[in-house]
Amino acid sequence: MSATEKSDARPVSVQARCVRLPAKAADAASLAPVIETRALSRGENDLLIEIKAAAVNPSDVKAATGLMPYAVFPRTSGRDYAGVVIDGPQGWIGREVFGSSGDLGIRRDGTHALHLVVEADAVVEKPKSISWEEAAGIGVPFVTAMEGLRRAGIPKAGETVLVMGVNGKVGQAAVQIATWHGARVIGVVRRAEAYEGHANSKVEVIDASATDVAARVRELSGGKGADIVFNTVGDPYFQAAHQSLALRGRQILIAAVDRIVQFNILEFYRGQHTYVGIDTLGLSSVATGAVLRELAPGFAGGHLKPFPIKPSAIYPLEQAKAAFIAVAGSSRDRVILRP
């Protein structure tokens, strides 16, 4: 069926090639994904999408290796996608869309496939200026960053946002969103390096291996501290983040290495601080779509930019294992599957 044909009253059925994970693996090297063909058709309010590109996220690897007990097996992996609607309610056929999800590829079949069925309210129109691969790479990092800043309070012009792990993909997304809204951003890295991503204003970078982070933040902010700390790393930076917070400052947490940290309750309540925990796996496809729609004007206006996609980081479905291993190896590249 071509993308320009009108939807039939009866939903179309397709034979979709997909990456299947038959069972959890001990580690990425032990993964044994297979390519299978499965019949797909949509429900009344769903879309049938021909996938043009799909990202591989660290959470895909964690779910595949048994670190998420609620992940189901067997299943098709993948949370992020971009593609063309080939069947759906009137007015949808041929539209170029992208999206992400907390349940796709974890609790239900996901995006590492040639076709996907998803709710119509879950998708966002793809800007014409963005490639399929770039659109597929937006999802999880930008949704995580935006959901964190929504929950903590979108930063205002003149506020200071400190991003721990600034060169990670969530860190870069947080920088873009914060500077889009006029905030000043300070980034933290674990070794001497410059900020690698897009920003709408200058980003001051602190090398945590050579500098007292909290002291430098106070110095840069005239003694006030950071209004928001986006801690993308977790406990290794928890104390520095805590000490960097301004009065009524908010710390956003999305990850952990060790689950237990020392916590000074007195400093917490006297500083009137707020801690915000973000887990995008708890967001449905529709809830995730709502977050992406808030970001869409930023991409359309050029304030937000997708991550560059290297040709060497694009894999066919048949090389899904290699793509998973690349992500498990802490590659900074946004890894993409192209059916």
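Mentor: Gladly; let's begin with residue classes. Ala, Val, Leu, Ile, Met, Phe, Trp, Tyr, Cys and Pro count as nonpolar, Asp, Glu, Lys and Arg as charged, and the others, Gly among them, as polar. In the lining of the second largest pocket here, three residues are nonpolar, four polar and seven charged. Before we go on, note that this is a predicted model: local features need pLDDT of at least 70 and side-chain atom pairs count only at pLDDT 80 or more, while totals for chains, interfaces and linings use all residues. Residues are numbered from 1 along each chain as its sequence is written, and side-chain values use heavy atoms, with hydrogens and water left out.

Trainee: What is a pocket, and which residues lie closest to the centre of the second largest pocket?

Mentor: On a 1 Å grid over the protein atoms alone, a pocket is an open set of points where a 1.4 Å probe fits, with protein on both sides within 12 Å along at least five of seven lines; lining residues have an atom within 4 Å of a point. Grid points are joined across faces, edges and corners, and a volume is the space filled by probe spheres set on the points. The second largest pocket holds about 230 Å³. Lining this pocket are 14 residues, with Lys169, Gln172, Glu196, Phe307 and Pro308 closest to its centre.

Trainee: How many residues line the largest pocket?

Mentor: Its lining has 47 residues, and Pro58, Lys62, Thr232, Ile254 and Ala255 lie nearest the centre. The volume of the largest pocket is about 1,900 Å³. By class, 25 lining residues are nonpolar, 11 polar and 11 charged. Helices (H or I, at least four residues) and strands (E, at least two) are DSSP runs, numbered from the N terminus. Helix H1 gives the largest share of this lining, four residues.

Trainee: What makes a salt bridge, and how many are there?

Mentor: A salt bridge is a side-chain nitrogen of Lys or Arg within 4 Å of a carboxyl oxygen of Asp or Glu. By this rule the count is 23. One of them joins Glu196 to Arg332, with the closest N and O atoms 2.8 Å apart. Glu196 sits in the loop between E10 and strand E11 (203–207) and Arg332 in the loop between H9 and strand E16 (335–337), so this pair ties together parts 136 residues apart in sequence.

Trainee: Which residues make the nonpolar surface patch?

Mentor: Patches are made of residues with over 30% relative accessible area and no salt bridge: like charges are joined within 9 Å, nonpolar side chains (Val, Leu, Ile, Met, Phe, Trp, Tyr) within 5 Å. Accessible areas come from the Shrake-Rupley method with a 1.4 Å probe; for residues, only the protein chains shown count as cover. Val261, Phe263, Ile265, Leu266 and Tyr269 make a nonpolar patch of about 450 Å². Leu266 belongs to helix H7 (residues 265–270) and, at 37% relative accessibility, is partly exposed.

Notes. Buried < 20%, exposed > 50% of the residue type's maximum accessible area, 1.4 Å probe, protein only.
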